[in-house]
Amino acid sequence: MAHVRDCEIITHREIAPDHRRMVLHAPEIAVEARAGQFCMLEVREGFCPFLRRPMSIERIFDDSVSILYKIVGQGTRLLAGLQTGSVLNVQGPLGNGFPIPAEEVRAILVGGGIGVAPLPGLAETLVARTGLAPEVVLAARTEAHLLCEQELSQMGCPVTLATDDGSAGFHGFADKCLRRLEPDADTVVYSCGPTVMMRAVHTVCVEAGARCYASLEAEMACGDGVCMGCVVETNTEHEFGKMARVCREGPVFDTRDIRWSAYDVR
Amino acid sequence: MTSVNLQVNVGGLLMKNPVTVASGTFGYGAEYADYFDVSQLGAVTVKSLSLEPRAGNPPPRIVETPAGMLNAIGLQNVGLDTYLKEKLPYLREQKCVIIANIYGNGPDEYAVLARRLEDAGGADAIEMNLSCPNVHDPQNACGGGLVAQHPDQVARYTEAVKQATRLPVFVKLSPNVTDIVAPARAAEEAGADAVALINTLIGMAIDPETQRPLLSNIVGGLSGPAIRPVAVKMVWDAARALRIPVLGMGGIACTEDAIQFLLAGARAVAVGCASFRRPDAAINIVRGMEAYCRKHKIDDINTLVGAVKV
């Protein structure tokens with residue numbers, strides 16, 4: 001069940017250049033949230049901007065949730081200007097979380113840039129449910145943009161770093177780095193990041209026979225499955241056919257269900 | 001003052017208060033059940049129904065704009081059969097008053113939709129969507145533009161539906177016209193029980209970096225508070241010219257907005273994309289209307305309709 005609540009900002013810190021973590025006091029949302037779900041934040045009163053901003057839940061605590069964001073436009077600039085102690089209207093939790101395997105299974109999480117946002121919560125859930133810390137590929141443009149390495153390591157995750165410019169870890173893209181970890185048919189891979197990265201991760205997983213899930217991002221007005229604005233083209237039928245709502249049927253999809261070629265024409 | 005009468009009669013449809021939602025901004029009702037008791041609205045207007053399911057336009061489908069948004073969804077919906085089987089039971093269980101918005105390819109399909117909805121008990125009123133800017137069906141081409149831009153076609157479509165059903169028939173009109181009175185009058189003369197206005201204003205947004213349109217459909221419909229003054233003025237124009245009631249909509253986000261529409265002549269109002277921002281926007285307006293009436297010592301909300309002092 002989703003709630004709309006005024007939530008106090010408990011902490012709000014820069015974690016990398018132009019990247020912030022915000023912890024929100026949101027007991028009702030925290031108690032129901034699962035890893036991979038998201039919230040819609042009302043970044044300012046009034047009508048500019050008009051729409052809420054969808055944000056992945058990073059981690060779920062007893063009476064709070066954290067979000068990670070990158071300052072990219074008007075909404076996130078306004079968000080960045082909010083002080084600790086101020087109040088933000090939050091709607092959530094929304095969407096479906098990551099599917100969690102019932103038994104102990106090798107899991108690899110692949111996060112690119114700010115796409116790492118939902119992965120710490122997922123790692124925590126996997127540790128709690130399967131007793132096994134997932135391996136993590138953390139990718140970013142440069143060393144300065146690598147997020148959450150410390151948090152994930154503290155959870156016991158073996159973290160492999162990859163940077164586009166080679167300033168830290170593997171010099172190259174996340175999919176190449178994933179390939180070196182040799183996923184197989186008994187591996188489940190979770191990815192979140194730029195579309196091009198998730199598509200490449202999907203390709204690696206198809207070749208390896210691994211299961212693969214991706215958490216998608218889309219322009220979104222309502223978050224409640226109503227506006228039909230956030231659809232992604234899929235290979236299988238969902239409630240509204242092969243145009244699935246990222247907010248309702250997603251944001252996490254089996255990557256074999258995503259019609260990746262539809263992104264070519266955008 | 002003991003109580004305030006909020007009940008209104010919109011062309012034969014009794015609503016316990018003058019607030020419904022705009023088609024396409026409230027799904028089929030159940031989507032908002034987490035936030036409030038949707039049966040407390042005067043009516044629930046469902047997403048446009050077509051005979052067959054529609055896939056809609058490719059993404060991207062929405063763009064945020066100043067105080068509003070552009071959309072080019074393209075009427076993606078589950079189709080009539082799935083609505084009757086899977087969506088209607090919830091609305092009936094909750095005892096919602098239902099306005100079924102319909103979209104057909106040509107007047108005959110509109111008539112079939114209306115007849116089948118009446119036969120199945122799927123609606124308490126029919127709202128004919130003659131004004132969606134995001135679909136392009138050959139039967140509705142009418143020599144260019146939207147059906148609602150051609151008064152003679154508005155009459156033809158309205159007559160077809162009126163002959164098919166005894167339910168109250170509302171005709172939803174487009175603001176993309178020179179004079180809203182012409183299509184509104186055509187609807188009235190063809191037997192419409194009310195007119196609903198306004199649908200979205202056709203707009204466009206371009207990404208200066210890629211130099212391409214931000215919507216895959218190139219153009220879309222503008223909604224939100226940005227269009228409200230246009231809507232109030234068109235309601236005022238139509239209400240003065242017609243005998244049938246006007247269901248007013250366009251950028252309503254709060255009680256004061258809704259009161260403006262009543263004063264301009266709307267018998268009832270629909271809350272649109274404000275629900276995206278605040279899912280409880282519509283029910284808050286119902287509560288706000290009662291408070292407004294008490295403050296202004298009004299015992300019947302109907303006395304506000306068209307009461308603007310000019």
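Residues are numbered from 1 along each chain as its sequence is written, and chains are lettered from A and ligands numbered from 1 in written order. In this predicted model, local features need pLDDT of at least 70, side-chain atom pairs count only at pLDDT 80 or more, totals for chains, interfaces and linings use all residues, and side-chain values use heavy atoms, without hydrogens and water.

Student: How many salt bridges are there over all chains?

Tutor: Start with the rule. A salt bridge is a side-chain nitrogen of Lys or Arg within 4 Å of a carboxyl oxygen of Asp or Glu. Over all chains, the count by this rule is 28.

Student: How many residues apart in sequence are A:Asp264 and A:Arg199?

Tutor: These two form a salt bridge, with the closest N and O atoms 2.7 Å apart. A:Asp264 lies in the segment after β16 (252-254) of chain A, and A:Arg199 lies in helix α6 (residues 195-208) of chain A. Helices (H or I, at least four residues) and strands (E, at least two) are DSSP runs, numbered from the N terminus. So the pair ties together parts whose separation in sequence is 65 residues.

Student: B:Arg54 and B:Asp137 meet in a salt bridge. Is B:Asp137 buried or exposed?

Tutor: Their N to O distance is 3.1 Å, and the pair links loops of chain B that are 83 residues apart. Buried means under 20% relative accessible area, exposed over 50%, and partly exposed in between (1.4 Å probe, protein chains only). B:Arg54, at 22%, is partly exposed. B:Asp137 has a relative accessible area of 15%, so the word is buried.

Student: Which helix of chain B holds B:Arg116?

Tutor: B:Arg116 meets B:Asp81 in a salt bridge, at 2.6 Å from N to O. B:Asp81 lies in helix α1 (residues 80-93), so the pair ties it to a part 35 residues away in sequence. B:Arg116 counts as partly exposed, at 33% relative accessibility. Its helix, residues 107-119, is α2.

Student: What kind of aromatic pair do A:Phe47 and A:Phe50 form?

Tutor: Rings of Phe, Tyr and Trp (its six-membered ring) pair if their centres lie within 6.5 Å; planes under 30 degrees apart are stacked, over 60 edge-to-face, and the rest tilted. The structure holds 11 aromatic pairs over all chains. In this one, the centres are 6.0 Å apart and the planes make 50 degrees, which makes the pair tilted.

Student: What is the relative accessibility of A:Phe50?

Tutor: Look at both rings of that pair. A:Phe47 is partly exposed, at 31%. A:Phe50 counts as buried, at 1%.

Student: What area do chain B and chain A bury between them?

Tutor: The size of an interface is often given as the accessible area lost when the parts come together. Buried area is the accessible area (1.4 Å probe) that two parts lose on being put together, summed over both. Here 57% of it is on carbon and sulfur atoms. The total is about 3100 Å².

Student: How many salt bridges does the rule find across the interface of chain B and chain A?

Tutor: Contact means heavy atoms within 4.5 Å, and 38 residues of chain B are in contact with 35 residues of chain A. B:Lys87 and A:Glu239 meet in a salt bridge, at 2.2 Å from N to O. Across the interface, the number found is 4.
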